[in-house]
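I set down here what I looked up in the structure, entry by entry. The sequence and the model come first.

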Amino acid sequence: MTIQLLLFLVLALVAIASALGMLISRNAIYSALFLVLNFATVAVYFLLLNAPFIAVAQVSVYTGAIMVLFLFVIMLLGAERAGSVQAIQWQRPLAIALAVILFLEAGYIIFTQRGVTPLVTTPLPEGFGSPSQVGTSLYTSYLLPFEITSVLLLVAMVGAIILTKGEKK
């Protein structure tokens, strides 16, 4: 057993445990913190795959910005504890049936792929996925989609400000 496989298995256990903790926790702040731990394990997965730029983006965007926003909204609204909600009668059997279908599908895929050889891949070029290569690709080949996305985000931000702005008296 190699060190990478051992690290992968440990991270898999941490990711699964933090995802379950996020789902099971009744306290919204604890759920958000479990989600931060899950995001951090995903970032370590990206590091294991030799994608440092995506790992840093994962930490800064999701673990940093998005989770700070979630925690701010949770604290602002005072929704630390999830209230008791009456479940609709058909939700639980439907969820159990969908979970069983998902596990059957996963088992089918795992057991039918036993004799399949893995894809033979060529080694990645030097510097693949580095911040300089991502920036060069983003600002040369994908400049128009990048600009459209930035304008769309700007319009969404201005729209959110206009919608939340109260009328002046």
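**Entry 1: Asn50 and its loop**

I began with Asn50, which is exposed because its relative accessible area is 59%. I use buried for under 20% relative accessible area, exposed for over 50%, and partly exposed for values in between (1.4 Å probe, protein chains only). I then placed Asn50 in the loop between α2 and α3. Asn50 is not a glycine, yet I read a positive phi of about 60° for it.

I note the terms of reading: this is a predicted model, in which local features need pLDDT of at least 70 and side-chain atom pairs count only at pLDDT 80 or more, while totals for chains, interfaces and linings use all residues. Residues are numbered from 1 along each chain as its sequence is written, and side-chain values use heavy atoms, with hydrogens and water left out.

**Entry 2: the chain as a whole**

I counted six helices and zero strands in the protein chain. Helices (H or I, at least four residues) and strands (E, at least two) are DSSP runs, numbered from the N terminus. Along the sequence I read the pattern α-α-α-α-α-α. Of the 169 residues in the protein chain, buried residues make up 14%. The protein chain exposes about 14,000 Å², and carbon and sulfur atoms supply 75% of it; accessible areas come from the Shrake-Rupley method with a 1.4 Å probe, and for residues only the protein chains shown count as cover. Among contacts (heavy atoms within 4.5 Å) between residues at least 6 apart in sequence, I found that 56% join residues at least 24 apart.

**Entry 3: helix α2**

I listed buried residues of α2, among them Leu35, Asn38, Phe39 and Ala43. The buried residues of α2 pack against α1 (3–24) and α3.

**Entry 4: helix α3**

Ala55, Gln58, Thr63, Met67 and Ile74 are the buried residues of α3, and they pack against α2 (28–48). After α3 comes Gly78, with a positive phi near 70°.

Is Gln58 buried or exposed? Gln58, a residue of α3, counts as buried because its relative accessibility is 9%. Leaving aside neighbours within four places in sequence, I found Gln58 in contact with Phe39, Val42, Ala43, Phe46 and Thr63.

Phe70 also lies in helix α3 (residues 52–77). Phe70 counts as partly exposed because its relative accessibility is 40%.
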